[in-house]
Amino acid sequence: MGLYMGEQAYLRSSWNVLDGFLVFVSLIDIVVSMAGGAKILGVLRVLRLLRTLRPLRVISRAPGLKLVVETLITSLKPIGNIVLICCAFFIIFGILGVQLFKGKFFYCLGADVKNITNKSDCLQANYKWVHHKYNFDNLGQALMSLFVLASKDGWVNIMYHGLDAVGVDQQPITNNNPWMLLYFISFLLIVSFFVLNMFVGVVVENFHKCRQHQEVEEAKRREEKRQRRMEKKRRKAQKLPYYASYGNMRLMIHTLCTNHYLDLIITFIICINVITMSLEHYNQPHSLDLALKYCNYVFTSTFVLEAILKLIAFGFRRFFKDRWNQLDLAIVLLSVMGITLEEIEISAALPINPTIIRIMRVLRIAR
(Lines give C-alpha, C1' and ligand atoms only; values in the text may rest on other atoms or scores of the structure.)
Protein backbone atom coordinates (compact mmCIF):
# COMPACT_ATOMS: atom_id res chain seq x y z
CA MET A 1 0.00 0.00 0.00
CA GLY A 2 2.89 2.31 0.70
CA LEU A 3 4.07 1.90 -2.87
CA TYR A 4 1.37 4.12 -4.36
CA MET A 5 -1.27 4.95 -1.75
CA GLY A 6 -0.79 8.07 0.37
CA GLU A 7 0.92 11.41 -0.14
CA GLN A 8 4.33 10.05 0.88
CA ALA A 9 4.08 6.94 -1.31
CA TYR A 10 7.15 5.84 -3.22
CA LEU A 11 5.67 6.16 -6.71
CA ARG A 12 4.24 9.61 -5.98
CA SER A 13 7.67 11.10 -6.65
CA SER A 14 8.90 11.13 -10.25
CA TRP A 15 12.49 10.89 -8.98
CA ASN A 16 11.63 7.66 -7.14
CA VAL A 17 10.05 6.37 -10.34
CA LEU A 18 13.29 7.11 -12.18
CA ASP A 19 15.35 5.34 -9.52
CA GLY A 20 13.03 2.35 -9.51
CA PHE A 21 13.09 2.12 -13.30
CA LEU A 22 16.90 2.13 -13.40
CA VAL A 23 17.09 -0.54 -10.68
CA PHE A 24 14.50 -2.64 -12.53
CA VAL A 25 16.48 -2.37 -15.77
CA SER A 26 19.64 -3.39 -13.93
CA LEU A 27 17.93 -6.47 -12.52
CA ILE A 28 16.66 -7.45 -15.98
CA ASP A 29 20.18 -6.99 -17.34
CA ILE A 30 21.55 -9.35 -14.65
CA VAL A 31 18.90 -11.97 -15.48
CA VAL A 32 19.69 -11.66 -19.20
CA SER A 33 23.41 -12.02 -18.50
CA MET A 34 22.82 -15.15 -16.41
CA ALA A 35 20.74 -16.60 -19.24
CA GLY A 36 23.92 -17.06 -21.24
CA GLY A 37 23.43 -17.77 -24.91
CA ALA A 38 19.67 -18.02 -24.90
CA LYS A 39 18.52 -16.84 -28.31
CA ILE A 40 15.10 -15.77 -27.07
CA LEU A 41 16.64 -13.35 -24.59
CA GLY A 42 19.24 -12.08 -27.01
CA VAL A 43 17.08 -9.15 -28.04
CA LEU A 44 16.73 -8.04 -24.43
CA ARG A 45 20.46 -7.38 -24.25
CA VAL A 46 19.66 -4.00 -25.73
CA LEU A 47 18.62 -3.11 -22.19
CA ARG A 48 22.29 -2.96 -21.31
CA LEU A 49 22.42 0.34 -23.12
CA LEU A 50 20.04 1.73 -20.50
CA ARG A 51 22.73 1.25 -17.86
CA THR A 52 24.20 4.49 -19.11
CA LEU A 53 21.23 6.21 -17.41
CA ARG A 54 22.48 5.22 -13.97
CA PRO A 55 24.30 8.54 -13.41
CA LEU A 56 20.87 10.20 -13.55
CA ARG A 57 20.23 8.84 -10.05
CA VAL A 58 22.68 11.45 -8.79
CA ILE A 59 20.24 14.16 -9.86
CA SER A 60 17.65 13.18 -7.27
CA ARG A 61 20.27 13.51 -4.52
CA ALA A 62 21.67 16.88 -5.59
CA PRO A 63 19.25 19.80 -5.10
CA GLY A 64 21.11 22.00 -7.60
CA LEU A 65 20.99 19.41 -10.39
CA LYS A 66 17.37 18.61 -9.57
CA LEU A 67 16.47 22.29 -9.93
CA VAL A 68 18.14 22.51 -13.36
CA VAL A 69 16.43 19.36 -14.66
CA GLU A 70 13.02 20.46 -13.38
CA THR A 71 13.56 23.84 -15.05
CA LEU A 72 14.34 22.22 -18.39
CA ILE A 73 11.35 19.87 -18.16
CA THR A 74 8.86 22.60 -17.24
CA SER A 75 10.28 24.83 -19.99
CA LEU A 76 9.52 22.32 -22.77
CA LYS A 77 5.90 23.44 -23.30
CA PRO A 78 6.55 27.22 -23.54
CA ILE A 79 9.69 26.56 -25.57
CA GLY A 80 7.55 24.57 -28.02
CA ASN A 81 5.39 27.66 -28.59
CA ILE A 82 8.46 29.78 -29.20
CA VAL A 83 9.78 27.17 -31.66
CA LEU A 84 6.55 27.49 -33.65
CA ILE A 85 6.89 31.28 -33.71
CA CYS A 86 10.53 31.01 -34.73
CA CYS A 87 9.70 28.56 -37.53
CA ALA A 88 6.97 30.88 -38.77
CA PHE A 89 9.40 33.81 -39.01
CA PHE A 90 12.00 31.60 -40.71
CA ILE A 91 9.45 30.51 -43.33
CA ILE A 92 8.22 34.08 -43.88
CA PHE A 93 11.71 35.45 -44.37
CA GLY A 94 12.68 32.36 -46.40
CA ILE A 95 9.81 32.88 -48.87
CA LEU A 96 10.61 36.59 -49.04
CA GLY A 97 14.29 35.80 -49.66
CA VAL A 98 13.38 33.42 -52.51
CA GLN A 99 11.27 36.15 -54.13
CA LEU A 100 14.08 38.69 -53.82
CA PHE A 101 17.23 36.67 -54.57
CA LYS A 102 16.34 33.47 -56.48
CA GLY A 103 18.88 32.91 -59.26
CA LYS A 104 20.81 36.05 -58.29
CA PHE A 105 23.54 34.49 -56.16
CA PHE A 106 25.56 33.25 -59.18
CA TYR A 107 28.89 34.77 -60.18
CA CYS A 108 31.64 34.23 -62.71
CA LEU A 109 34.72 32.41 -61.48
CA GLY A 110 37.82 33.25 -63.52
CA ALA A 111 41.14 35.08 -63.67
CA ASP A 112 39.82 38.42 -64.96
CA VAL A 113 36.11 39.16 -64.59
CA LYS A 114 36.17 42.94 -64.77
CA ASN A 115 34.53 42.98 -68.21
CA ILE A 116 32.11 40.15 -67.42
CA THR A 117 28.50 41.36 -67.10
CA ASN A 118 26.40 38.20 -67.45
CA LYS A 119 26.45 34.43 -67.80
CA SER A 120 27.00 34.46 -71.56
CA ASP A 121 30.15 36.59 -71.28
CA CYS A 122 31.45 34.28 -68.58
CA LEU A 123 30.96 31.12 -70.67
CA GLN A 124 32.44 32.73 -73.80
CA ALA A 125 35.57 33.58 -71.82
CA ASN A 126 35.80 29.88 -70.80
CA TYR A 127 35.14 30.75 -67.17
CA LYS A 128 32.83 28.96 -64.72
CA TRP A 129 29.40 30.29 -63.82
CA VAL A 130 28.91 29.13 -60.22
CA HIS A 131 26.66 30.02 -57.32
CA HIS A 132 27.48 30.81 -53.70
CA LYS A 133 27.28 28.04 -51.11
CA TYR A 134 24.48 29.84 -49.28
CA ASN A 135 21.80 31.17 -51.60
CA PHE A 136 18.05 31.70 -51.95
CA ASP A 137 17.28 29.61 -55.05
CA ASN A 138 14.62 27.62 -53.18
CA LEU A 139 13.01 27.53 -49.75
CA GLY A 140 15.40 24.86 -48.44
CA GLN A 141 18.49 26.81 -49.43
CA ALA A 142 16.90 29.98 -48.10
CA LEU A 143 16.23 28.39 -44.68
CA MET A 144 19.84 27.16 -44.54
CA SER A 145 21.12 30.66 -45.36
CA LEU A 146 18.82 32.19 -42.74
CA PHE A 147 20.05 29.70 -40.15
CA VAL A 148 23.62 30.86 -40.83
CA LEU A 149 22.41 34.45 -40.48
CA ALA A 150 20.75 33.64 -37.14
CA SER A 151 23.92 31.96 -35.83
CA LYS A 152 25.88 35.14 -36.72
CA ASP A 153 28.65 32.99 -38.16
CA GLY A 154 29.55 34.23 -41.64
CA TRP A 155 26.35 36.26 -41.96
CA VAL A 156 28.24 39.32 -43.25
CA ASN A 157 29.28 37.51 -46.46
CA ILE A 158 25.69 36.44 -47.16
CA MET A 159 24.49 39.99 -46.61
CA TYR A 160 27.10 41.43 -49.01
CA HIS A 161 26.16 38.84 -51.63
CA GLY A 162 22.58 40.07 -51.36
CA LEU A 163 23.67 43.70 -51.71
CA ASP A 164 25.78 42.87 -54.79
CA ALA A 165 23.05 40.85 -56.56
CA VAL A 166 21.91 42.37 -59.87
CA GLY A 167 19.58 39.88 -61.52
CA VAL A 168 19.21 36.38 -62.92
CA ASP A 169 22.28 35.36 -64.98
CA GLN A 170 23.84 38.76 -64.20
CA GLN A 171 27.33 39.27 -62.81
CA PRO A 172 27.19 40.81 -59.27
CA ILE A 173 28.19 44.43 -58.81
CA THR A 174 29.56 45.70 -55.52
CA ASN A 175 26.84 47.43 -53.47
CA ASN A 176 24.40 47.29 -56.39
CA ASN A 177 21.28 47.57 -54.19
CA PRO A 178 22.01 48.88 -50.65
CA TRP A 179 18.29 48.80 -49.81
CA MET A 180 18.48 45.02 -49.54
CA LEU A 181 20.26 45.70 -46.29
CA LEU A 182 16.81 46.19 -44.72
CA TYR A 183 15.95 42.53 -45.35
CA PHE A 184 18.98 41.18 -43.52
CA ILE A 185 18.86 43.71 -40.67
CA SER A 186 15.14 43.06 -40.14
CA PHE A 187 15.76 39.32 -39.91
CA LEU A 188 18.60 39.78 -37.43
CA LEU A 189 16.57 42.11 -35.22
CA ILE A 190 13.32 40.15 -35.25
CA VAL A 191 14.55 36.55 -35.27
CA SER A 192 18.14 36.47 -34.11
CA PHE A 193 17.81 38.99 -31.29
CA PHE A 194 14.21 38.92 -30.08
CA VAL A 195 12.82 35.48 -30.89
CA LEU A 196 15.93 33.45 -30.06
CA ASN A 197 16.48 35.39 -26.84
CA MET A 198 12.95 34.43 -25.83
CA PHE A 199 14.29 30.89 -25.29
CA VAL A 200 16.62 32.21 -22.62
CA GLY A 201 13.84 34.30 -21.09
CA VAL A 202 11.53 31.30 -20.80
CA VAL A 203 14.21 29.15 -19.19
CA VAL A 204 15.12 31.91 -16.72
CA GLU A 205 11.46 32.50 -15.81
CA ASN A 206 10.86 28.79 -15.22
CA PHE A 207 14.08 28.59 -13.24
CA HIS A 208 12.79 31.23 -10.84
CA LYS A 209 9.42 29.46 -10.56
CA CYS A 210 11.07 26.12 -9.83
CA ARG A 211 13.41 27.84 -7.39
CA GLN A 212 10.50 29.35 -5.50
CA HIS A 213 8.74 25.97 -5.41
CA GLN A 214 11.91 24.32 -4.16
CA GLU A 215 12.38 27.02 -1.52
CA VAL A 216 8.82 26.44 -0.28
CA GLU A 217 9.54 22.72 0.04
CA GLU A 218 12.84 23.41 1.79
CA ALA A 219 11.08 25.81 4.17
CA LYS A 220 8.56 23.07 5.02
CA ARG A 221 11.37 20.60 5.67
CA ARG A 222 13.23 23.11 7.82
CA GLU A 223 10.06 23.79 9.79
CA GLU A 224 9.54 20.07 10.32
CA LYS A 225 13.15 19.69 11.49
CA ARG A 226 12.73 22.68 13.81
CA GLN A 227 9.58 21.15 15.27
CA ARG A 228 11.42 17.87 15.84
CA ARG A 229 14.32 19.70 17.52
CA MET A 230 11.92 21.65 19.74
CA GLU A 231 10.15 18.43 20.68
CA LYS A 232 13.50 16.83 21.44
CA LYS A 233 14.51 19.81 23.57
CA ARG A 234 11.21 19.68 25.46
CA ARG A 235 11.80 16.02 26.19
CA LYS A 236 15.31 16.75 27.38
CA ALA A 237 14.05 19.63 29.52
CA GLN A 238 11.77 17.24 31.35
CA LYS A 239 14.72 15.03 32.24
CA LEU A 240 17.33 15.83 34.86
CA PRO A 241 20.68 17.08 33.46
CA TYR A 242 23.42 14.51 33.17
CA TYR A 243 25.50 16.26 35.86
CA ALA A 244 22.68 16.18 38.45
CA SER A 245 24.19 13.11 40.12
CA TYR A 246 27.72 14.59 40.31
CA GLY A 247 29.41 15.07 43.63
CA ASN A 248 30.48 18.49 44.88
CA MET A 249 34.06 18.22 43.59
CA ARG A 250 33.12 16.92 40.14
CA LEU A 251 30.29 19.46 39.87
CA MET A 252 32.77 22.24 40.62
CA ILE A 253 35.11 20.91 37.91
CA HIS A 254 32.17 20.73 35.49
CA THR A 255 31.25 24.35 36.24
CA LEU A 256 34.87 25.36 35.63
CA CYS A 257 35.08 23.51 32.29
CA THR A 258 31.80 24.95 31.00
CA ASN A 259 32.76 28.49 31.96
CA HIS A 260 33.37 30.79 29.02
CA TYR A 261 36.30 32.46 30.75
CA LEU A 262 38.21 29.16 30.76
CA ASP A 263 38.12 29.12 26.96
CA LEU A 264 39.39 32.71 26.90
CA ILE A 265 42.26 31.83 29.26
CA ILE A 266 43.18 28.75 27.21
CA THR A 267 43.05 30.81 24.02
CA PHE A 268 45.37 33.37 25.57
CA ILE A 269 47.77 30.61 26.61
CA ILE A 270 47.69 29.18 23.09
CA CYS A 271 48.59 32.59 21.66
CA ILE A 272 51.52 32.90 24.08
CA ASN A 273 52.57 29.37 23.11
CA VAL A 274 52.53 30.31 19.42
CA ILE A 275 54.65 33.38 20.15
CA THR A 276 57.22 31.32 22.07
CA MET A 277 57.42 28.80 19.24
CA SER A 278 57.98 31.62 16.75
CA LEU A 279 61.04 32.80 18.77
CA GLU A 280 62.95 29.62 17.91
CA HIS A 281 65.66 30.23 15.27
CA TYR A 282 68.93 28.92 13.98
CA ASN A 283 72.02 29.32 16.15
CA GLN A 284 70.00 30.57 19.09
CA PRO A 285 71.70 31.07 22.48
CA HIS A 286 71.62 28.27 25.03
CA SER A 287 69.67 30.37 27.51
CA LEU A 288 66.85 30.91 25.00
CA ASP A 289 66.89 27.21 24.21
CA LEU A 290 66.39 26.34 27.90
CA ALA A 291 63.70 29.01 28.33
CA LEU A 292 61.72 27.70 25.33
CA LYS A 293 62.13 24.16 26.59
CA TYR A 294 60.69 24.98 30.01
CA CYS A 295 57.92 27.06 28.41
CA ASN A 296 57.04 24.02 26.34
CA TYR A 297 56.81 21.95 29.53
CA VAL A 298 54.56 24.53 31.18
CA PHE A 299 52.22 24.87 28.20
CA THR A 300 52.01 21.12 27.63
CA SER A 301 51.27 20.56 31.32
CA THR A 302 48.52 23.17 31.15
CA PHE A 303 46.91 21.49 28.14
CA VAL A 304 47.21 18.06 29.73
CA LEU A 305 45.55 19.40 32.88
CA GLU A 306 42.74 20.90 30.80
CA ALA A 307 42.16 17.58 29.02
CA ILE A 308 42.10 15.68 32.32
CA LEU A 309 39.64 18.14 33.87
CA LYS A 310 37.31 17.85 30.89
CA LEU A 311 37.49 14.07 30.99
CA ILE A 312 36.48 14.18 34.65
CA ALA A 313 33.75 16.78 34.05
CA PHE A 314 32.10 15.25 30.97
CA GLY A 315 33.08 11.61 31.19
CA PHE A 316 34.63 9.60 28.39
CA ARG A 317 31.46 9.21 26.31
CA ARG A 318 30.45 12.87 26.34
CA PHE A 319 34.05 14.04 25.98
CA PHE A 320 34.74 12.01 22.84
CA LYS A 321 31.33 12.85 21.39
CA ASP A 322 32.64 16.36 20.67
CA ARG A 323 35.07 16.34 17.74
CA TRP A 324 36.84 19.46 19.03
CA ASN A 325 37.65 17.57 22.21
CA GLN A 326 39.01 14.74 20.08
CA LEU A 327 41.23 17.21 18.25
CA ASP A 328 42.42 18.77 21.53
CA LEU A 329 43.30 15.39 23.03
CA ALA A 330 45.10 14.28 19.86
CA ILE A 331 47.23 17.44 19.84
CA VAL A 332 47.99 17.09 23.56
CA LEU A 333 49.13 13.49 23.03
CA LEU A 334 51.29 14.57 20.09
CA SER A 335 52.86 17.26 22.25
CA VAL A 336 53.62 14.78 25.03
CA MET A 337 55.03 12.35 22.46
CA GLY A 338 57.25 15.09 21.02
CA ILE A 339 58.68 15.95 24.45
CA THR A 340 59.24 12.28 25.21
CA LEU A 341 61.10 11.70 21.96
CA GLU A 342 63.26 14.76 22.54
CA GLU A 343 64.17 13.65 26.05
CA ILE A 344 65.16 10.11 25.13
CA GLU A 345 67.16 11.49 22.16
CA ILE A 346 66.07 9.11 19.45
CA SER A 347 65.22 11.81 16.96
CA ALA A 348 67.91 10.56 14.61
CA ALA A 349 65.97 7.34 14.08
CA LEU A 350 62.73 9.19 13.23
CA PRO A 351 61.78 10.30 9.73
CA ILE A 352 60.77 13.77 11.04
CA ASN A 353 61.99 16.12 13.73
CA PRO A 354 59.96 15.67 16.95
CA THR A 355 59.83 19.44 17.29
CA ILE A 356 57.54 19.53 14.26
CA ILE A 357 54.95 17.59 16.26
CA ARG A 358 54.69 20.50 18.71
CA ILE A 359 53.67 22.80 15.88
CA MET A 360 50.41 20.86 15.70
CA ARG A 361 49.35 22.74 18.82
CA VAL A 362 48.77 25.75 16.63
CA LEU A 363 45.60 23.96 15.47
CA ARG A 364 44.11 24.60 18.91
CA ILE A 365 43.68 28.24 17.90
CA ALA A 366 40.83 26.96 15.67
CA ARG A 367 38.65 26.74 18.80
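Here is a chat about the fold, the annotated spans, the surface patches, the salt bridges and a few loop residues.

Q: What kind of model is this, and what should I know before reading residue numbers?
A: It's a predicted model, where local features need pLDDT of at least 70, side-chain atom pairs count only at pLDDT 80 or more, and totals for chains, interfaces and linings use all residues. Residues are numbered from 1 along each chain as its sequence is written, and side-chain values use heavy atoms, with hydrogens and water left out.

Q: OK, how many helices and strands does the protein chain have?
A: The protein chain has 12 helices and two strands.

Q: How much of the protein chain is buried?
A: 27% of its 367 residues count as buried. Buried means under 20% relative accessible area, exposed means over 50%, and partly exposed is in between, using a 1.4 Å probe and protein chains only.

Q: Which residues does UniProt list as "transmembrane region"?
A: The unreviewed UniProt entry lists residues 20–47, 82–101, 181–204, 260–277 and 297–316. UniProt positions are given in the numbering used here, feature names are shortened, and annotations may be inferred rather than shown by experiment.

Q: How far apart are the ends of residues 181–204?
A: The end C-alpha atoms are 33 Å apart, and that span is 100% helix and 0% strand. For residues 297–316 the end C-alpha atoms are 25 Å apart, again with 100% helix and 0% strand.

Q: Switching to the surface: which residues make the nonpolar patch?
A: Leu181, Ile185, Leu189, Ile190, Phe193 and Phe194 make a nonpolar surface patch of about 500 Å². Leu181 is in helix α7, and it counts as partly exposed because its relative accessibility is 33%.

Q: What goes into a patch, by the way?
A: Residues with over 30% relative accessible area and no salt bridge, with like charges joined within 9 Å and nonpolar side chains (Val, Leu, Ile, Met, Phe, Trp, Tyr) within 5 Å. Accessible areas come from the Shrake-Rupley method with a 1.4 Å probe, and for residues only the protein chains shown count as cover.

Q: Which residues gather in the patch of positive charge?
A: Arg221, Lys225, Arg228, Arg229 and Lys233 do, on the surface. Lys and Arg count as positive and Asp and Glu as negative, while His and the chain ends are not counted. The place of a charge is NZ of Lys, CZ of Arg, CG of Asp or CD of Glu.

Q: Where is Lys233 found?
A: Lys233 is in helix α7, residues 181–238. Lys233 counts as exposed because its relative accessibility is 56%.

Q: How many salt bridges turn up in the whole structure?
A: Two. A salt bridge here is a side-chain nitrogen of Lys or Arg within 4 Å of a carboxyl oxygen of Asp or Glu.

Q: What does Glu223 form a salt bridge with?
A: Arg226, with the closest N and O atoms 2.8 Å apart. They're separated by about one helical turn, because they sit three residues apart in helix α7. Glu223 is partly exposed at 35% relative accessible area, and Arg226 is partly exposed at 37%.

Q: And Glu306, what's its partner?
A: Glu306 pairs with Lys310, the closest N and O atoms being 3.4 Å apart. These two are four residues apart in helix α10 (residues 286–321), so about one helical turn separates them.

Q: Is Glu306 buried or exposed?
A: Glu306 counts as buried, because its relative accessibility is 6%. Lys310 is buried too, with a relative accessible area of 7%.

Q: Now the loops: what's the phi of Asn126?
A: Asn126 has a positive phi of about 60° although it's not a glycine. Asn126 is in the loop between α4 (119–124) and β2 (128–131), and it counts as exposed at 71% relative accessibility.

Q: What about Asn175?
A: Asn175 has a positive phi of about 55° and isn't a glycine either. Asn175 lies in the loop between α6 (155–164) and α7.
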